[in-house]
Amino acid sequence: MPDTRFIDPSIATWPGEAARLLGGRCDGCAVVTFPAPKGCPACGGGDVSQVELDPVGTVWTYTVQGFPPPAPPYLGPASPDTFRPFAVAYVDLGSVLVEGPVLGDPSSVRIDDPVRVVFPVLGQDQDGNDVVAFAFEPIEEGSHA
Amino acid sequence: MPESEVVIVGVGIHPFGRHEGLSGLEQGAIAAQAALADAGCAWPDIDVAYGGSVASGAADSLVSILGLTGVPFVNVANGCATGGSSLMAAFDALRSRQCDLGLVVGFDKHPRGAFNADPALLGLPDWYAEAGMMLTTQFFGMKLRRYMHDFGITEDALARVAAKAFRNGERNPNAWRRKPITEEEIRNSFVIADPLTQYMFCAPAEGAVALVVARAESAPAGSRPVTLRSAVLASRRHGTFEVFSPSLSSTRAPSPSVFAAQGALEMAGVSVSEIDVAQIQDTESGAEIMHMAETGLCADGDQEALIMSGATEVDGSLPVNTDGGCLANGEPIGASGLRQIHENVVQLRGDAGERQVPGEPRVALSHVYGAPGISACTVITA
């Protein structure tokens, strides 16, 4: 039976309403990296502790992916009929800038836009399972994060 | 014993582009033979060789074409800095007097389309590619978008850089793209990674370049040496913005290009104001703009006025990518860095014909940058 699975259980606390991305904080220099590294890229320290990342942030920079990424490995809609250009951004979550797709109209994304992390279905794997990944969703003005 | 001065005495190139029926290795051999002929020496005279290709096999296989002379031949694999790293190795071997005459060669023949990368080979998780983020084009678009935001660079400048590349390519018989393209066509071409369009990106290609390098005392009689003053390589530090990064540090650090360029200028003992001509990595239009500042050729944000006023044209005050750069030549990775040095030698010799920088240029900088955050710079002087 096809099921729903998360793209990589080591990078988030999915499932759940309050799911969070998981990074690693260096015990020595406190630098946060996503996903959690084996060793700290800043100081070379070997002790890194898992940390839940803030679910809201702002767009630090962005682009629009104009053509379908090679599939496989890409699991999203990649045929000429189904592909739609999508925005990709680095989102400043305070402790670290995380790269991810931005949902919605790609032409409306701007630097400093507020966004929140969400966990939509990206596509299906070869066994027919729905694969859930993370993305960022614009926070509408006036709504509560 | 003091270090020996190192000179480039021969340059050879196989034209860049697409060449059906000719392997990358064969193009490398053609470039090597051209460089040897230009230097006025023969393959058996060479007592050390360094070379590399990313997609076309082991460079030392060239001995089966050039001749089995027993020469020590080292294969170099360092991504986009393969050519720069080969030259650096030859430079060190010559200035420390381990040998007299060296060959440096780079060649490649890539399949069409964007470079595809395997996440596992780069230490990245599979989900990064499955989620549609393992594309170099996204990195270029995002680094550039932030830079434009911070320093007021416009999309007009991006189109101008590409148009310059194709105009210079038109005047370079070894270039791939030799037809001028208007800024309007460039802006209106397919958007690959906003704000970058199809004609603002270079494409994988084919080609080969070879250099014959010598200790100054060993330069072949009748050769036309230029002096190799420095060759410096730098890798990334924590906090730089590099391709294939699932996250970035919340604190920023200067690009490896900054350190490679500073190091090359210091080793050469020249100041940036003395640079008469520069070849800098232009994987896309924005890269040329950002690298102008990273190499110290101008301050952040000054590029807009320099580009729009024509300063970076062949006859401008700061000629950049006079042979059309990666945009007009395409990028055979193993050969790309050496193409820049080939062009700088041709310019300093006054042999660049229709694209010759006026006023007898004497000091030239070259700069490559590539994944996963490496840069190599050289300074040569007439």
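Helices, of at least four residues, and strands, of at least two, are DSSP runs that are numbered from the N terminus. The views below show a predicted model.

**View 1. A loop of chain B holds B:F244, a residue with positive phi.** Most residues other than glycine have a negative phi. For B:F244, however, phi is near 55°, a positive value in a residue that is not glycine. The loop that holds B:F244 runs between β8 and β9 (247-249) of chain B.

**View 2. Helices α6 and α9 of chain B cross.** The axes of α6 (residues 155-170) and α9 (residues 285-294) of chain B come within 8 Å and cross at roughly 100°, and because angles of 65 to 115 degrees count as roughly perpendicular, α6(B) is described as roughly perpendicular to α9(B). On the side of α6(B), the contact is made by B:A157, B:L158, B:V161, B:A162 and B:K164, while α9(B) contributes B:S285, B:G286, B:E288 and B:I289. Sorted by kind, the residues of this contact are five nonpolar, two polar and two charged.

**View 3. Chain A meets chain B.** The contact takes 39 residues from chain A and 32 residues from chain B, and the area buried between the two chains is about 3000 Å², with carbon and sulfur atoms giving 65% of that area. Three residues, A:W60, A:Y90 and A:E99, supply 20% of the area that chain A buries against chain B, which is more than any other three residues supply. Between the chains there are 15 residue pairs in polar contact, with both residues at pLDDT 80 or more, but the count of salt bridges is zero. Strands β5 (56-65), β6 (86-92) and β7 (96-102) of chain A are the elements that give two or more residues to the side of chain A touching chain B, and the residues of that side divide into 27 nonpolar, nine polar and three charged.

**View 4. A salt bridge joins B:R97 and B:E217.** Side chains of opposite charge can pair when their charged atoms come close. In this pair, the closest N and O atoms are 3.1 Å apart. B:R97 lies in the loop between α3 (82-95) and β4 (101-109) of chain B, and B:E217 in the loop between β7 (206-215) and β8 (226-235) of chain B, so the pair ties together parts that are 120 residues apart in sequence.

**View 5. Two peptide bonds of chain A are cis.** Most peptide bonds are trans. The bond from A:W14 to A:P15, however, is cis, with omega near 5°, and A:P15 is placed in the loop between β1 (4-6) and β2 (22-26) of chain A. The bond from A:A71 to A:P72 is also cis, with omega near -10°, and A:P72 is placed in the loop between β5 and β6 of chain A.

Methods
Residues numbered from 1 in each chain as written. Chains lettered and ligands numbered in written order. Predicted model: local features only at pLDDT ≥ 70, side-chain atom pairs only at ≥ 80, totals over all residues. Heavy atoms only, no water. Axes fitted to C-alpha atoms, helices over the stretch in contact; angles between N-to-C directions. Parallel < 35°, antiparallel > 145°, perpendicular 65-115°, else oblique. Contact = heavy atoms within 4.5 Å. Nonpolar A, V, L, I, M, F, W, Y, C, P; charged D, E, K, R; others polar. Buried area = accessible area lost by both parts, 1.4 Å probe. Salt bridge = Lys/Arg side-chain N within 4 Å of Asp/Glu carboxyl O. Polar contact = N/O pair within 3.5 Å; in protein donor to acceptor, adjacent residues only side chain to side chain.
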